[in-house]
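Here is a quick tour for anyone meeting this structure for the first time. Have a look around before reading on.

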Amino acid sequence: GEGKGSAPRSCREPPSRRGASPRPLRLARRMVDVIQGVLVECDPPLKQYLLALDDRETVKFVVDKLPSDDRALFVNPSAKGFVDEKIAELYDKYSADPRDDREDKRRAAAGGGAGGKRKAR
């Protein structure tokens, strides 16, 4: 049984350690690097565009490429505005606004052509 001065069964060393010389307990301590960032979720072509843009820039904005996820990037929070601006420029360049098409057709029908009015020289 449990005698006076002996440790309860739950606190004793496991049977394999009984009678062995005590070893100090070593705890593994590791420093964890914490990096702030913004998760940008996008389609794979946009991710490739942003990675290429990051390669061209002198100040890098991509913190982690997240290789296991082809639809996300981790970017520096201070560069979020820059990234948003570049995405908006890309969308403006390659997206068509149906209102623009109607306006061009109106100008063409009025004789102004698609380019609008010309300045006199």
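Let's start on the outward side of helix 1, where Pro 45, Gln 48, Asp 55 and Arg 56 are exposed. Keep in mind that this is a predicted model.

Now turn to the other side. Leu 46, Lys 47, Leu 50, Leu 51, Leu 53 and Asp 54 are buried in helix 1. These residues cover an arc of only 160° around the axis, so they sit on the same side of helix 1. The parts that cover them include strand 1 (38-41), strand 2 (62-64), strand 3 (72-75) and helix 2 (80-94). As for helix 1 itself, its 13 residues reach 19 Å from the first C-alpha to the last, close to the 18 Å expected at 1.5 Å a residue.

## Buried charges without a partner

Lys 47, in helix 1 (residues 44-56), is buried yet has no salt bridge. What is the nearest side chain of opposite charge to Lys 47? That would be Asp 69, 5.9 Å away, and a salt bridge needs the side-chain nitrogen and carboxyl oxygen within 4 Å. Leaving out residues up to four places away in sequence, Lys 47 touches a list of residues including Cys 42, Leu 66, Asp 70 and Leu 73.

With residues up to four places away in sequence not counted, Asp 54 touches Lys 60, Phe 61 and Val 62.

Leu 66 has a positive phi of about 50° although it is not a glycine. Leu 66 lies in the loop between strand 2 and strand 3, and is partly exposed at 23% relative accessible area.

## Where the salt bridges are

How many salt bridges does a search of the whole structure find? Two, and here they are:

| Salt bridge | N to O distance |
|---|---|
| Asp 84 and Lys 80 | 2.8 Å |
| Lys 86 and Glu 89 | 3.6 Å |

Asp 84 and Lys 80 are four residues apart in helix 2, about one turn of the helix. Lys 86 and Glu 89 are three residues apart in helix 2, again about one helical turn. Lys 86 is buried, with a relative accessible area of 18%, while Glu 89 is partly exposed at 40%.

Terms used. Residues numbered from 1 in each chain as written. Predicted model: local features only at pLDDT ≥ 70, side-chain atom pairs only at ≥ 80, totals over all residues. Heavy atoms only, no water. Helix = DSSP H or I, 4+ residues; strand = E, 2+ residues; numbered from the N terminus. Buried < 20%, exposed > 50% of the residue type's maximum accessible area, 1.4 Å probe, protein only. Lys, Arg positive; Asp, Glu negative; His and termini not counted. Contact = heavy atoms within 4.5 Å. Expected span 1.5 Å × (residues − 1). Arc of directions from axis to C-beta.
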